[in-house]
Structures are given as C-alpha cells and as structure tokens.
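Here is a short tour of a protein fold, written for someone who likes to know the cut-offs. Have a look at the model, then read on.

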Amino acid sequence: MKDLVNDAGSLLGASAYTDGVGRRDFIRAAIGTGFAASALPVMAQTQIQTDTDGLDAGDTILVIDGQDVPVYRAQPKGKTGVPVILVISEIFGVHEYIKDVVRRFAKQGYMAIAPDLFVRQGDATKAPSTAELMKNIVGKTPDAQVMSDLDRVVTWAAQRGGNTEKLGITGFCWGGRITWLYAAHNLKVKAGVAWYGRLVGEATATSPKHPIDFAQNLKVPVLGLYGAKDTGIPVESVQRMQAALDKGNSRSTIHVYPESGHAFHADYRPMYNAADAQDGWNRALAWFAKYGVA
C-alpha cells in the first residue's frame, strides 16, 4: 500500500488548491467534464479536447466471466483491420483524460481501447477521495486479474475487426506499470510505451512482482518515459531498470525528461509539461511505428 500512496502523491502533486480556486469549484468542474472526483484539481486551461470527427467512438460493455466491464473505444470510422492499442488508465480510472488519449490514437489510425480494470473492486471515477480510492479499489485490484482482463479485451478487439497482430499497449502512472507487466505477460504485444509507471516496490498478495523483476528477460520492446523530478519514482530506480533492461535483448529503453515530474503528460494536472508531453507523444508514435504497431 505504501507504493500506491506514493503513486497517488506524485500524481496529485503539492500544488492542489493553491491558485485561489476552491475545492467545491474543482469538484463541480471535475464532475461536469467527466473527470474522476478524486483527481482534483482539474486545470481546464491546459486540458486538450479531441473531437470524434471521422471516428467511431463511445462507451460499451464487455462481459468477462459474468462481470460487465466498461470499455471506451475509438477507431477510424468505417475501417477494419486497423492496429490495436490498449490504453491503460491512471489510478483514477477511465475518465475524460484517458478517453481523450484514446481518441488521439484513433485519429492516428488505431483502434484504441481503454478498459475499466478496477470494475470488480469499484468505480474509480466515483471515489470521493484518493485515500478511499487507493484503499478500497486500487489496492485490492490483483495484477493477475488485470492481465486476464486485458487478454480478454485483446480477443474482443480481434472479434470486432481490430488487427491484433499489430498490438500495442500504453499506460500512465498505474497504467505505466501495467504496461511493463503486460508486455512481459503477452508475447503477442509488438511494443509498449510506459509513462512514469512504478518500476520497483514491495511484494504484496495483489502485486507479487514489479517491472524490475521482469526486465532482463523481457522480450517485447518497451519505451519508458519518465521525469527526473518525479517524487514518487526516484531516478535511481529508473537507472536500475535501465541497467536490468541492458542485460536483456528486448531493445527496451527509457527516456528521462530532466525538467518534468510525475504525470507530465496529463494535460488536466498542475504538473503538465506541454513540451515534454508532445515530445513523449511523438516518441510513442514513432516507437509503435518502428516495432510494427502501425
């Protein structure tokens, strides 16, 4: 749980509610625009909004072992056989920021899919506080359950015209860690891009292993995008991960942004760094193209 608390602290940042805007206004803004209540504050002035013009996009339900799993999907309208990218959320679940990222990938020609991987434990977007979210939902979500659910999502994508021979995965914060894990779990993944996902940590019943444990034997090329000023993911742990990757042959690598902290891609967060976010996005697209997810 200590690792999850650090994740949450890094994602929220220390600047919440210091710009003269009250918590009540932040809650109104978050709920009104589709953001998780516990993800406050929402910085509307930097929030990117991607339209659905030319896209087939929307929410749907995938039934997995009797459980309704909400999924947000977007892809070019009228096209099939397009490559597939799994988009894995932060701790806050599939709220508007994640949905917008899905649409951004769809605009690039992908079938992009963001499943609610917390659904069996609860609705992450409705949790009233980060502490309750971490304790009651995220902390109780087993890695094994997530891996199995993602396997089913990939099968579902193939059944709906996605080309899962060109399968990629990307994720942010909690989803960045899952990106590393799923790349180790499913060798059908062509490439992954992990945004500031935790690399090391304590072994628990729900999270018995971490990316560092798989690094040397990883087969799938994963690009890690991290911030040197991330208070929850020390540069030392990033260096350890890179050293372990260098002992293997996955071609994985990590790029560190000297002036960014955690969540630098999250355009609705105070720690958003527009230049580094754009550079990371360009690197992600190039990485997927280089390794067959295009």
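The notes below cover the sheet, the helices on it and the nonpolar core.

This is a predicted model, in which local features need pLDDT of at least 70 and side-chain atom pairs count only at pLDDT 80 or more, while totals for chains, interfaces and linings use all residues. Residues are numbered from 1 along each chain as its sequence is written, and side-chain values use heavy atoms, leaving out hydrogens and water.

**The sheet**
- Eight-strand order β1-β2-β4-β3-β5-β6-β7-β8 makes up an open sheet of 8 strands with mixed pairing (strands are DSSP E runs of at least two residues, helices H or I runs of at least four, both numbered from the N terminus; pairing takes at least two DSSP bridges).
- At the edges lie β1 (55–64) and β8 (253–257), each pairing on one side only.
- On average, neighbouring strands are turned by 20 degrees against each other, direction ignored (axes are lines fitted to C-alpha atoms, for helices over the stretch in contact, and angles run from 0 to 180 degrees between N-to-C directions).
- Strands β6 (residues 189–195) and β7 (residues 222–227) run parallel, joined by 4 bridges.
- Within β7, Val222 stands opposite Gly192.

**Helices on the sheet**
- Helix α8 (residues 235–246) packs on the sheet and touches β7 and β8, where contact means heavy atoms within 4.5 Å.
- The direction of α8 makes about 155 degrees with that of β8.

**The core**
- The largest nonpolar core has 92 residues, of which Val87, Phe105, Trp180 and Tyr196 touch the most other members (a core is a set of buried Ala, Val, Leu, Ile, Met, Phe, Trp, Tyr and Cys residues joined through side-chain atoms within 4.5 Å; buried means under 20% relative accessible area with a 1.4 Å probe, protein chains only).
- Helix α5 (residues 143–159) gives the most to this core, with 7 residues.
- Beyond four places in sequence, the contacts of Trp180 include Val222, Tyr226 and Ile254.

Notes. Buried < 20%, exposed > 50% of the residue type's maximum accessible area, 1.4 Å probe, protein only.
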